[in-house]
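Take a moment with the sequence and the model below. We will walk through the sheet, then its helix, then its rings.

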Amino acid sequence: MNSTLRRWFTSAGALRRFLSTFAPYLGAGVKVTQLADDFSSATVEMRQHWYNTNYVGTHFGGSLYSMVDPMYMLLLMRKLGDDYIVWDKSASIDFIRPGKGTVTARFELTEERVAAIREATASGEKMLPEWDVDIVDETGACVARVHKVLYVRRKKA
C-alpha cells in the first residue's frame with residue numbers, strides 16, 4: 001500500500017469502510033463486518049446473491065477466495081508499521097463442501113505471532129509466515145480452507 005493510502009487508512013474504521021466499498025469486494029458481495037481497532041482481528045462475510053452464485057447454485061469459488069485474499073497482509077502491515085515490507089506470496093484453497101447462504105471468515109493476529117515475526121526479521125532476513133483460515137457457513141460447517149503465505153522483511157534503514 002503506498003504511503004498516501006496508508007495515511008488515509010490509519011484507523012480501522014476507515015480501512016473497514018474502504019474495503020466494504022472496494023470494487024473486488026463490492027462485486028463479490030463481500031463485507032468486512034468487524035475490524036479490531038488495533039488490527040489484531042477481522043471478520044468478513046459474503047451473502048449469496050445471483051452475481052456470486054455458480055452454475056450449480058452454490059457460492060462461486062473465486063468469490064470465496066476473494067473474501068480472504070488481502071486480509072492477513074493488511075492486518076500484518078498495520079501491526080508491523082511502515083518499517084516492514086509485507087506481501088502476499090502464495091495461497092491455495094481447498095473446497096470442502098458446497099457453500100450456500102451467508103459464509104464467514106475470521107482472521108486473528110496474536111501479539112505473540114507479531115512479536116515472533118519482528119524477531120525473525122530484525123536483522124533484515126525475510127520470513128514467510130503461514131496462516132490457515134476457514135470459510136464457514138451459517139451452521140459453522142467448513143465450506144473452504146485457505147492456506148496463505150506472506151513475505152515479510154524489515155526495510156533497510
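Strand β5 (residues 130-136) and strand β6 run antiparallel, joined by 7 bridges. Helices (H or I, at least four residues) and strands (E, at least two) are DSSP runs, numbered from the N terminus. Two strands pair if DSSP finds at least two bridges between them. Val133 stands opposite Val146 in β6. β5 and β6 make a hairpin, with 5 residues between them. In that turn, Gly140 has a positive phi of about 90°.

A word on the source: this is a predicted model, in which local features need pLDDT of at least 70 and side-chain atom pairs count only at pLDDT 80 or more, while totals for chains, interfaces and linings use all residues. Residues are numbered from 1 along each chain as its sequence is written, and side-chain values use heavy atoms, with hydrogens and water left out.

Now follow β6 (residues 142-154) to its other neighbour. Strand β3 (residues 84-95) is antiparallel to β6, and 11 bridges join them. Here Ser90 stands opposite Val149.

Go back to β5. It also pairs with β4, antiparallel, over 2 bridges. Finally, β1 and β2 pair antiparallel over 5 bridges. Lys31 has Glu45 in β2 as its bridge partner.

What order do the strands take in the open sheet? The 6 strands run β1-β2-β4-β5-β6-β3, with antiparallel pairing. β1 (30-35) and β3 are the edge strands, each pairing on one side only. From one strand to the next, the twist averages 25°.

A helix packs on this sheet. Helix α5 touches β1, β2, β3, β4, β5 and β6 (contact means heavy atoms within 4.5 Å). Its direction makes about 155° with that of β3. Axes are lines fitted to C-alpha atoms, for helices over the stretch in contact, and angles run from 0 to 180 degrees between N-to-C directions.

Why is α5 described as largely enclosed by the rest of the structure? Because 9 of its 10 residues are buried. Buried means under 20% relative accessible area, exposed over 50%, and partly exposed in between (1.4 Å probe, protein chains only). The buried residues include Met71, Leu75 and Lys79. After α5 comes Gly81, with a positive phi near 90°.

β4 has two faces. Val103, Ala105 and Phe107 form the covered face. Thr104, Arg106 and Glu108 form the uncovered one. In a regular strand the side chains alternate between the two faces of the sheet.

Now the rings. The structure holds 4 aromatic pairs. Rings of Phe, Tyr and Trp (its six-membered ring) pair if their centres lie within 6.5 Å; planes under 30 degrees apart count as stacked, over 60 as edge-to-face and the rest as tilted. Trp50 and Tyr51 are edge-to-face, 5.5 Å centre to centre, with 90° between the planes. Trp50 counts as exposed because its relative accessibility is 75%. Tyr51, at 37%, counts as partly exposed. Tyr72 and Phe107 are also edge-to-face, at 5.3 Å and 80°. This pair links distant parts of the chain, 35 residues apart: Tyr72 is in α5 (residues 71-80) and Phe107 in β4 (residues 103-108). Both Tyr72 and Phe107 are buried. With Trp131 they form one aromatic cluster.
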